[in-house]
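Hi,

Here's the structure I said I'd pass on.

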Amino acid sequence: MAGFRQLLRNTPEGLYCPPGDFHIDPVRPVPRAIITHGHSDHARSGHGAVLATPQTLAIMAARYGADFAEKSEAASYGQRVTRNAVEVTLMPAGHVLGSAQAVLRWKGMTAVISGDYKRRRDPTCPLFEPVPCNLFVSEATFGLPVFRFPDASDEVAKLLKSVSLFPERTHLVGAYALGKAQRIICLLREAGYQKTLYMHGAMDSMNALYQADGVSLGPLAPATGAAKNALPGEIVIAPPSAIADKWARRFADPIPAFASGWMMVRARARQRHVELPLVVSDHADWDELTETFTELKPEELWITHGSEEALLRWAALNDVSATALEIAGYEDEDE
Amino acid sequence: MKAFARLLDQLAFTPSRNAKLTLLREYLGHAPDPERGWALAALTGALRFDAKPGFIRKAAEARLDPQLFALSYDFVGDLAETVALVWPARPGANREPELPEVVEALRTASRREVPQLLERWLDALDAAGRWALLKLLTGGLRVGVSARLAKQALATLGDVPVGDIEEIWHSQEPPYGDLFAWLEKRSERPSADAPGRFRPVMLAQAIDEATDFARYDAADYAAEWKWDGIRVQAASEAGQRRLYSRTGEDIAAAFPDVMAALTFDGVIDGELLIFNKGHAAPFGDLQQRLNRKAADAKLMARFPAGIRTYDLLMDGAEDLRALPFAERRQRLEAFIAKLGSDRIDLSPLQPFASWDELAALRANPPEGDPQIAEGLMLKRWDSIYEPGRPKGPWFKWKRDPHLIDAVLMYAQRGHGKRSGYYSDYTFGVWREDANGDRSLTPVGKAYFGFTDEELKRLDKFVRDNTIARFGPVRSVRADKDFGLVLEIAFEGLQRSSRHKSGVAMRFPRVNRIRWDKPAREADELPTLERMLD
């Protein structure tokens, strides 16, 4: 085909679509941007016009204020939007609330930019929808065969078992405020845990957004302001940075837990002084990544942010034409 | 296998001793026989397979592209863990194996059969199960459980004193069916009558100088020097020779020279020391021989080990533990004299007439071995040998520690209750280079000796004065114009090639925090060097 690089290319600002004249998840301010999801490294403030799902726009407004961009346009999942000659559709990516794949159609070719995604069920957002395409641009956060995540419900069962074994201690779960925290809450509810869950203040605005979007979180209360040795036997959810810090001292002999795909590897858990690692990730693991590539069979695969090397090797072994794109500026929200 | 794997997983991440006890007790109380018995054996080192890791790697590379395996290993950094994580299970695997099946199969399998067995099990297990299996196979559980801790968990499980478990421990064999039956009150206590078994040791309380001397009469006590080695119990009964640490761990393998000298029939209690032409060598020399699986002739010639005895528990078949110390002592002296060994000698009694006289001896020990003693031991003449740490019959009276003023240089976060605090402190003293410039050189690390209140202030100091971060470590401002002086107490000082300063401290701790003292007035390296043992 006449070259996917006419439709999509890598620039210092991030992925750029010349015929549509817009960027996707740019890391610097640009005139026109499509934003796949609300995590701060993908959704930055200061762009001219932003196209995203209504949920992602709400997340950006909550994080950066209503003036996060000069102009914003909402596109629901499946709704077709035209940008010059390029037809843009946002499809569910299964990553967090409002997360989308950007599907670009131009001159008979289809390119899908996955954003961050996972293939597993998540009670807080719709499932990833595979879209047949010529070019698939995939994330690679957990692109190593060591990352094959267990069932998230088993991990939550571990947490509940520990709570029953140590009723005199507070379980302090580190979870990213957008997505992971609400998923953990919903998984706890699904496992039958109906008690009040205690929240670090940084969770409040995202929890409210999820609830406004119809995600039921059950009884929540602030953990902040609690007295010394507070909340024995309770579960507290906080940003990862807070669980081993000063903030954690108010609780009763806390057990630091951390919900992240990185918890698959012991050394990572130990470095962070985590005593109860919970392998729960909002990214695709090795099997999900490679099975997605096999399912979509794109003519070309571009791999962005993460461990590209092993996926390139997999592609070579499986006769898939693949290239690594180095897009600077994306961080992993779990870190 | 699942429950055992889960237990290992949790133990590995749990720093707190109490939490470990809870986890162990929970597992041992719920897992069925004989699984829990094999698990206990694996945790206490009574069950080992020591398979070479090479064939495990080979098995993995047969399943996964070597380049993908190499990338994975590079990221994870541990072979067993990498294989456990990347293992691509074949669909249609067997049912998950139970721990007793695995143990039974490994004990009977030939070397050629092991790889096939392993492959089948890896296919059937999940990642945590694979990790537990591989760790079990390669003999390195390393989950921070000592035999002592496991026995403590058994004691809470059966609600019996831990001494009762130690007394019979060495007569029991995995999978410990009789032991569990007794702990669950389903049968009588198993017989402890095994030759060479461990006898729970009697320990001393630290003396309280302020009150104890007024309370006790000097005439009731014998005194001897407190030797700076490790407490051991040497048993030689009915051809069974054993050398135990004070917690009942068998350390015989590292000390063939001592084992060869156990040519008696009985059980002695004493201090394991390195003997240098009949004289006790400093602790650092003994350290060269500790924590080894074996000892070669060269090492043994350089650091010959022996026992300085201070008690006799069994004389032949006669149990002396119910006799008063005075009588046991006479029997010991006769026993050692008859033995006539150059590796097993007698810890001499130190005569004294009053506590004041003893205090003077402690402050100025006589020439010879007492100079490197840790202090004094006081034992009531009429004390029977009573396991545990009873208050009154035996006291230890340590020498005052060495003290230096050092400057806080680096801090690291602690674990468990202290996980939010910078509670591990590396400190340094001044050293002058050839140009006469003074700089700090690290000389040790301390992580206790302060109160919770002091910890909060120290933590705040670290946070407020951080100048650089290296992973979990913070570098704290420390120069001639600014820095925090810590008064460090320690027990001894050794030359060390592993430390930049050339010295290594024994048992350092924060004695006082000198908020008042300017950093430039902290001690210098030569001061420290004069304290070398």
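Before the notes, one cut-off: I call a residue buried when its relative accessible area is under 20%, exposed when it is over 50%, and partly exposed in between. Also, please keep in mind that this is a predicted model.

In α4(B), which covers residues 53-63, the buried positions are Ile56(B), Ala59(B), Ala60(B) and Arg63(B).

Just after the helix, Gly45(B) has a positive phi of about 85 degrees.

Most residues other than glycine have a negative phi, and most peptide bonds are trans. Here are the exceptions I'd look at:

- Asp33(B) to Pro34(B) is a cis peptide bond, with omega near -5 degrees. Pro34(B) is in the loop between α2 (17-30) and α3 (35-44) of chain B.
- Pro174(B) and Pro175(B) are also joined by a cis bond, with omega about 5 degrees. Pro175(B) belongs to the loop between α11 (162-169) and α12 (177-183) of chain B.
- Asp25(A) isn't a glycine, yet its phi is positive, at about 50 degrees. You'll find Asp25(A) in the loop between β3 (22-24) and β4 (32-34) of chain A, and at 2% relative accessibility it counts as buried.
- Asp253(A) has a positive phi near 40 degrees. It lies in the loop between β15 (235-238) and β16 (255-259) of chain A and is partly exposed, at 27%.

On to the charges. How many salt bridges are there over all chains? The search finds 70.

- Asp285(A) pairs with Arg120(A), with the closest N and O atoms 2.8 Å apart. Asp285(A) sits in the loop between β17 (276-278) and α6 (286-296), and Arg120(A) in the loop between β10 (109-113) and β11 (135-140), so this bridge ties together parts of chain A that are 165 residues apart in sequence. Asp285(A) is buried at 2% relative accessibility, while Arg120(A) is partly exposed at 22%.
- Lys161(A) meets Glu26(B) at 3.8 Å, N to O. Lys161(A) is in helix α2 (residues 152-165) of chain A and Glu26(B) in helix α2 of chain B, so the pair joins two chains. Both partners are partly exposed, Lys161(A) at 43% and Glu26(B) at 21%.
- Arg80(A) and Glu87(A) meet at 4.0 Å, N to O. Arg80(A) is exposed at 61%, whereas Glu87(A) is partly exposed at 21%.
- Asp245(A), Arg249(A), Arg413(B), Asp459(B) and Arg463(B) are linked in a network of salt bridges.

Arg249(A) turns up again with an aromatic ring: its charged end sits over the ring of Tyr421(B), 3.4 Å from the centre. Within chain B, the charged end of Lys379(B) sits over the ring of Trp394(B), at 4.4 Å from its centre.

Finally, the aromatics, with 30 aromatic pairs over all chains. One of them is Phe461(B) with Trp515(B), edge-to-face, 6.2 Å centre to centre and with 70 degrees between the planes. Phe461(B) comes from helix α19 (residues 452-464) and Trp515(B) from the loop between β20 (509-514) and α20 (525-529), so the pair ties together parts of chain B that are 54 residues apart in sequence. Phe461(B) is buried at 12%, and Trp515(B) is partly exposed at 34%. Elsewhere, Phe213(B), Tyr216(B), Tyr221(B), Phe352(B), Trp355(B), Phe395(B) and Trp397(B) form one aromatic cluster.

At the surface, Tyr447(B), Phe448(B) and Phe507(B) make a nonpolar patch with about 310 Å² of accessible area together. Tyr447(B) is in the loop between β14 (438-446) and α19 of chain B.

Cheers

Terms used: Residues numbered from 1 in each chain as written. Chains lettered and ligands numbered in written order. Predicted model: local features only at pLDDT ≥ 70, side-chain atom pairs only at ≥ 80, totals over all residues. Heavy atoms only, no water. Phe/Tyr/Trp six-rings, centres within 6.5 Å; stacked < 30°, edge-to-face > 60°. Helix = DSSP H or I, 4+ residues; strand = E, 2+ residues; numbered from the N terminus. Buried < 20%, exposed > 50% of the residue type's maximum accessible area, 1.4 Å probe, protein only. Lys NZ or Arg CZ within 6 Å of the ring centre and 35° of its normal. Patch = residues over 30% accessible without salt bridge, like charges linked within 9 Å, V, L, I, M, F, W, Y side chains within 5 Å. Areas by Shrake-Rupley, 256 points an atom, 1.4 Å probe, with all protein chains shown as cover. Salt bridge = Lys/Arg side-chain N within 4 Å of Asp/Glu carboxyl O.
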